[in-house]
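Reader: Could you please take me through the salt bridges here? I am new to this topic.

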Amino acid sequence: MSADSHPTLPPVRLPSDAELARDALAAPLFARAVRLARWAGPDTRVDVGGELVAAQLPEAVALLGLDPADEDSAGYAGQAWRVAVDTGLVDVTEPEEEAEGEAATGPGEEAGPDGEFGTAEPGEDLALVTAGTPGDVLDLWLAALDTVLADAAVPALDDLVDALDAGGEIDFEQLDWNPRREADFLDGVLANLYLLAVAEGGTADGPVPLPVLAASMVVPDDMGDPTDAVLEQVSDAMMRLDDQFRQLEPIGLVEFRPVDEELMAEADDEALAAGPVADEEDVSRYGMVRLTPLGLYGIRARMLEAGIEAPAVGDLAGKGADVLLDAVSYYPEGAAQAEFEHWLADRPVADAVAELLAAARGADPGAPLRRLRCQQALAQAGADAGAQGAAQAEEAVRAVLDDPELGGLARVWLAERGVAGVPAPDGTMVFWLLIDTIAAQLAADGEGDTRELPLLIESLTAHHAGFFDHVWRVEHPATAYVLEAMGRLHPDKKAAKEARKAAFKARSRNP
């Protein structure tokens, strides 16, 4: 696998489907939808569009245990009903547009255009909540998530009211609302949250300040100090996100601390957009958000549906060692270790070690990094298998001691375990392993992404007399490439010059 073909996203670590399904069932909005689905029956009346008629909302509010005095309770009940309908937990039959006769309506009931109501009943999918697999429950939750995301992309009620024209119709030109643009904005925000969570050293264990998230969507990457106009855009984006995350939290997608209402009342737009301040408590007043494990699952599912490669730890457990080593070559260190654990878990130690070593062979550009990952995987092989497992792993490693590509790796592995009777490597193998190691580090980290590589190079050259006189003769495909990199990265100017000369010799020997 070449550097430009590796997955663009690091793998996400997710709980089991059973744990995620429990989280889905516990999400307040989804739980309300299930309760309303069980409540639906012959007396349930719906209007055009499948919405509950106004007269039935108080009963739904009471069923859900919401406060009838809270003016938002009817809206919460209506949203839960929409989720139940959209996910198939409830089946509705809408009123016919052209029915003969008129049906009687009670006080406060809204009839359809023909004076009749539609009906509702529990849907077939409701049984999946208790009798289905965890995957069935998660599929229902994903359908509910689609509904909530669509609702969250709709302008706030105040904006809709402000856009009403004299005839009571919404002036969409004044509203400046583009459904696709709004949906794309929200998808972009959630993708950024996902990236922060899965990146090595990211924020999976901590929330992201809302100003930082808003700025990631508004401020150009190459901009220095944001202009006042850009700061105002960040402020507007913050307030949109504050409203949207309030809607997304009940479905279990995010954990969210809203913007402090007192702060909104006290601060002007520029102050709100100023971003994180010195005091951690002050930062939290600007709003904090993070994806839950269920949220990570949901956003990953949407990415996969869109054709984006979004791996998860454990995906490679059933693959061969060749696929494993290629895929994890560009994983962050922690994710690679977790993937190795999954891969090794159900394999006999001797078979796993032999397969890993076989997959590590090769003279292609990706081979050095495969061997480095192989060594890391071998470090875990047999570690939890007791004395017998360790002995089996040792036997498999000893079998490649004379292999020109794997012999050095095998000696390192055996020496780290204090195994007796390991033959010392000859000079050719030592220098070959040094070239292979540096080539792997260059592939893994890149020249500009690590401070450790120049230190490694300096240490190697300092501990091997006449290093450059020997190393340019090494029969390794990456010899010239590594020497050229050493000429750029070596902190000592004299040594760097020697490396460049050695690289020229290596190129001349193998043009």
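Reader: Which side chain does Arg82 meet in a salt bridge?

Author: The side chain of Arg82 meets that of Asp151, with 3.3 Å from N to O. A salt bridge is a side-chain nitrogen of Lys or Arg within 4 Å of a carboxyl oxygen of Asp or Glu. Arg82 lies in helix 4 (residues 73-86) and Asp151 in helix 6 (residues 134-152), so the pair ties together parts that are 69 residues apart in sequence. Helices (H or I, at least four residues) and strands (E, at least two) are DSSP runs, numbered from the N terminus.

Reader: What sort of model is this?

Author: This is a predicted model, where local features need pLDDT of at least 70, side-chain atom pairs count only at pLDDT 80 or more, and totals for chains, interfaces and linings use all residues. Residues are numbered from 1 along each chain as its sequence is written, and side-chain values use heavy atoms, with hydrogens and water left out.

Reader: How many salt bridges are found in the whole structure?

Author: The search finds 17.

Reader: Where are Asp260 and Arg285?

Author: Asp260 is in the loop between strand 5 (254-257) and helix 12 (261-266), while Arg285 is in helix 14 (residues 280-285), 25 residues apart. Their side chains form a salt bridge at 3.1 Å, N to O.

Reader: Is Glu416 buried or exposed?

Author: Glu416 counts as exposed, at 57% relative accessibility. Buried means under 20% relative accessible area, exposed over 50%, and partly exposed in between (1.4 Å probe, protein chains only). Its salt-bridge partner Arg417 is partly exposed at 35%.

Reader: Which residues are linked in a network?

Author: Salt bridges link Asp146, Asp187 and Arg302 in a network.
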